[in-house]
Amino acid sequence: MFDSLSDRLAGVFDKLRGRGALSEDDVRSAMREVRVALLEADVALPVARDFVDQVTERAVGAEVIRSVTPGQMVVKIVNDALVEMLGSDTAELHIDVNPPAVIMMVGLQGSGKTTTTAKLAKRLAERERKRVLMASLDVARPAAQEQLAVLGRQASVDTLPIVAGQTPVQIAQRALQSAKLQGYDVLLLDTAGRLHVDDTLMAEMKAVAAASNPVETLLVVDSLTGQDAVNVAKGFAGEVDLSGVILTRMDGDARGGAALSMRAVTGKPIKFAGVGEAIDALEAFHPSRVAGRILGMGDVVSLVERAAETVKIEDAEKLARKMEKGKFDLDDLRLQISQMQRMGGLGALANMLPGMKGLKGANVDDKALVRLEAMMSSMTAKERARPEIINAKRKIRVAKGSGTTVQEVNKLLKMHQEMSNAMKRLKKLGGFGKLASMFS
Ligand code: GDP
């Protein structure tokens, strides 16, 4: 899967790889090629455009970490953007509720819904040791209920006995009753499919949902249908409260457009991927692993991650050495703040450093960090090294230059002063080793 996209991206990165330094033009022309590659992979146009804009912005503004090349940096940025596009975290099923947890499976005919219902049932039974019951609510297609029963036997999962003449809602109620009485943990309801999203189908789904109160409503769509799959998902999402998507036939999908656009277009996470006809060919959808498979550059990504770690440690050590000498200027504060941004914001700083208690609960958010950074950028190197020379006139200039106020500049200077004092106190206590270790 994703073969052609992988090849195209590899070609783009090959061109970047040889370069020692990257210009903005290099990045932009590489991103034009990435955009074409995404469109050829059948990614929705607005999604491809957003992706490229985001990567360009991050890549052009990025500080290249020492010991990696700009080309490697771009690979890492593209990787992270891909993971985000795919949905960041692996989406779990929320079935740890008062049993039975009802999972309603919905989708068009031929999407692979019945097969996927059985695959998921088997997975929950085997991997999560759940007691699972399946029921087919498809009364429109004569053989549908029997098909699920056959699959159930293959998967060693129980199916609700077939009673002729019942409506889907009646079957759902009977299934729920049986599941309760017989102590099943999970009940999977395989609803009827149709050829198109139509009113009758939607009405039936809503009635079944009202009767069974599902904790998960999973849409099964065929990844081979590309953007149609995404549009179908949009159609369903507008009618029922979908909790996630299962993409089938990923094994035959060389393009990957549905997988890549689904999250961004529908806002719904892909929870599983069908990767074959066999009853156990169902995988959890891990965005980071999928991105890794697309790029095929796991080595570069981890190299950049490791390099970033190293820089953090080196910076922390440098800072500790300066503090040991009793020096702590605004350049250090600046470095500190950029580190804190990486480590989880000012709250973390306040907890870690003495003398920062005043900031606790002061509602200092990331925007405040950006303002602090702006003020320090508006100072001269001399001012940062010797903050005591910042007189009233200089304060006005700094405030103007950074779009802040003199009060804010005063606050920053006071904060620096408090930190500097605290560090001197700490020095007397001989606690630097401990402090340095906190940053590494
Ligand atoms: P339904 O009409 O949506 O219930 O579709 P079915 O479950 O009957 O599946 C239709 C066909 O698709 C069957 O032949 C399945 O074996 C096949 N199928 C389902 N999921 C996958 C998958 O992930 N990969 C492949 N290769 N085939 C699949």
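## Reading the sheet and its helices

User: What makes E7 and strand E8 (residues 282–284) a pair, and is the sense parallel or antiparallel?

Analyst: Three bridges join E7 to E8, and the sense is antiparallel. Two bridges are enough for strands to pair, so with three, E7 and E8 qualify. Across that pairing, Phe272 sits opposite Ala284 of E8. Bear in mind that this is a predicted model.

User: Which strand pairs with E7 in the parallel sense, and over how many bridges?

Analyst: That's strand E6 (residues 244–248), again over three bridges. Here Phe272 of E7 has Ile246 opposite.

User: Why is E7 called largely enclosed?

Analyst: A residue is buried once 20 or more other C-beta atoms lie within 10 Å of its own. In E7 (residues 270–274), five of the five residues are buried, so the rest of the structure largely encloses this strand.

User: How do you know that strand E5 (residues 216–222) is mostly covered?

Analyst: Seven of the seven residues of E5 are buried. Both faces are covered, too: one side has Glu216, Leu218, Val220 and Asp222, the other Thr217, Leu219 and Val221, all buried.

User: Which strands pair with E5?

Analyst: Strand E1 (residues 101–107) pairs with E5 in the parallel sense over five bridges, with Ile103 opposite Glu216. E6 also runs parallel to E5, joined by five bridges, and there Val220 has Ile246 as its bridge partner. The chain gets from E5 to E6 through helix H9 (residues 227–237), in a right-handed β-α-β crossover. H9 itself lies across E1, E5 and E6, at about 155 degrees to E5.

User: What makes E3 and E8 stand at the edges?

Analyst: Follow the order of the open sheet, which has eight strands: E3-E2-E4-E1-E5-E6-E7-E8, with mixed pairing. E3 and E8 each have a single partner strand, so one side of each has no neighbour in the sheet. Elsewhere in that order, strand E2 (residues 132–136) and strand E4 (residues 186–190) run parallel over five bridges, and Leu133 stands opposite Leu187 in E4.

User: Why are H1 and H2 called roughly antiparallel?

Analyst: The axes of H1 (residues 3–17) and H2 (residues 24–40) cross at roughly 170 degrees and come within 9 Å. Angles over 145 count as roughly antiparallel, and H1 and H2 are therefore roughly antiparallel to each other. The contact involves, among others, Leu5, Leu9 and Val12 of H1 and Ala30, Val34 and Ala37 of H2. By type, the residues of this contact come to seven nonpolar, one polar and five charged.

User: Why does Pro161 count as exposed?

Analyst: The cut-off for exposed is 12 or fewer neighbours. Pro161 has 10 C-beta neighbours inside 10 Å, so Pro161 counts as exposed. You'll find Pro161 in the loop between strand E3 (158–159) and helix H7 (168–181). From Pro161 to Arg174 is 13 residues in sequence and 9.9 Å in space, C-alpha to C-alpha.

User: And the chain: how many helices and strands, and what share of the residues is buried?

Analyst: There are 19 helices and eight strands, and 41% of the 440 residues are buried. Of the contacts with a separation of 6 or more, 75% link residues 24 or more positions apart.

Conventions:
Residues numbered from 1 in each chain as written. Predicted model: local features only at pLDDT ≥ 70, side-chain atom pairs only at ≥ 80, totals over all residues. Axes fitted to C-alpha atoms, helices over the stretch in contact; angles between N-to-C directions. Helix = DSSP H or I, 4+ residues; strand = E, 2+ residues; numbered from the N terminus. Parallel < 35°, antiparallel > 145°, perpendicular 65-115°, else oblique. Contact = placed C-beta atoms within 7 Å. Nonpolar A, V, L, I, M, F, W, Y, C, P; charged D, E, K, R; others polar. Right-handed = clockwise from strand over helix to strand, strands pointing away.
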